[in-house]
Amino acid sequence: MATSTKTPGKKTATSSRARSASTPAKKTAAVKTPARKVPAKKDAAKELKDLFEDGLKDIYWAEKALTKALPKMEKNAEDKGLKKAISSHLAETENHVKRLEECFAALGKKAQAKKCDAMQGLLDEGKSIMEETQPGSVRDAGIIAASQKVEHYEIATYGTLAAYAKVLKQTKCLKILLKTLEEEKKCDELLTSIADTALNKKAMK
């Protein structure tokens, strides 16, 4: 009778490896925190007009804070076109503050500022960019980037407030907000043109 040449136990080891390869490793399930409803504060807005007024307070604070930040940006900019654009927008921003006061008056309210965390964050970022860049074209490019983030926030804010004013039939406020919105858009376009002409290319050197 022929004797088997197979080594005892070899088949078992091979089968074990095959099973191990075919069996996917168990993944540790990620623990997900269930989403919860955010509780409203005691003075939370109950109607659209309340939300509208809160928005006006936020942007009023933001514009006033911007009047203090823009001179610092102008001082740190070197490109003549950029310095002129910042100086021009500072004058516009001071007008924006006055217009918002007119808007509050149209609502029969006293102009009131409420700290805008979004604008504070953007201004803090702008300060950091100036600290982290050498004076010249690189810093100028950073100032434009920081300024356009501010403009985009303002464009979104004024656009939203104008939409609220339209629904609330606050025609005087609507006219004021749309005028400012148009100026913010033009400022953003100007900053883009300054960056596109030559400034960004200079920053590459």
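Visitor: Which residues gather in a patch of positive charge on the surface?

Guide: Welcome! Keep in mind that this is a predicted model. The patch of positive charge on the surface is formed by Lys-64, Lys-68, Lys-72 and Lys-127.

Visitor: Which helix supplies the largest share of the positive patch?

Guide: That is helix α2, residues 48-76, with three residues. Lys-72 is found in this helix.

Visitor: Is Lys-72 buried or exposed, and why?

Guide: The general idea is that a residue counts as exposed when its relative accessible area is over 50%. Lys-72 has 56%, so Lys-72 is exposed.

Visitor: Now to salt bridges. How many does the structure hold?

Guide: To read one, look for a side-chain nitrogen of Lys or Arg within 4 Å of a carboxyl oxygen of Asp or Glu. The structure holds three.

Visitor: Which side chain does Asp-50 meet in a salt bridge?

Guide: Asp-50 meets Lys-49, with 3.4 Å from N to O. Asp-50 is partly exposed, at a relative accessible area of 21%, and Lys-49 also counts as partly exposed, at 40%.

Visitor: What does Arg-99 form a salt bridge with?

Guide: Its partner is Glu-183, and the closest N and O atoms are 2.9 Å apart. This pair links distant parts of the chain: Arg-99 sits in helix α3 (residues 80-106) and Glu-183 in helix α6 (residues 171-202), 84 residues apart. Here both Arg-99 and Glu-183 are buried.

Visitor: And which residue forms a salt bridge with Glu-125?

Guide: Lys-149 does, with 2.6 Å between the closest N and O atoms. Glu-125 lies in helix α4 (residues 117-131) and Lys-149 in helix α5 (residues 137-167), so the pair ties together parts that are 24 residues apart in sequence.

Visitor: Let us turn to aromatic rings. How many aromatic pairs does a search of the whole structure find?

Guide: The search finds one. Tyr-60 and Phe-104 form this pair, with 5.7 Å centre to centre and 70° between the planes. Planes over 60 degrees apart count as edge-to-face, and the pair of Tyr-60 and Phe-104 is edge-to-face.

Visitor: Are Tyr-60 and Phe-104 buried or exposed?

Guide: Tyr-60 is buried, with a relative accessible area of 5%. Phe-104 is buried as well, at 2%.

Key
Residues numbered from 1 in each chain as written. Predicted model: local features only at pLDDT ≥ 70, side-chain atom pairs only at ≥ 80, totals over all residues. Heavy atoms only, no water. Patch = residues over 30% accessible without salt bridge, like charges linked within 9 Å, V, L, I, M, F, W, Y side chains within 5 Å. Areas by Shrake-Rupley, 256 points an atom, 1.4 Å probe, with all protein chains shown as cover. Lys, Arg positive; Asp, Glu negative; His and termini not counted. Charge placed at Lys NZ, Arg CZ, Asp CG, Glu CD. Helix = DSSP H or I, 4+ residues; strand = E, 2+ residues; numbered from the N terminus. Buried < 20%, exposed > 50% of the residue type's maximum accessible area, 1.4 Å probe, protein only. Phe/Tyr/Trp six-rings, centres within 6.5 Å; stacked < 30°, edge-to-face > 60°.
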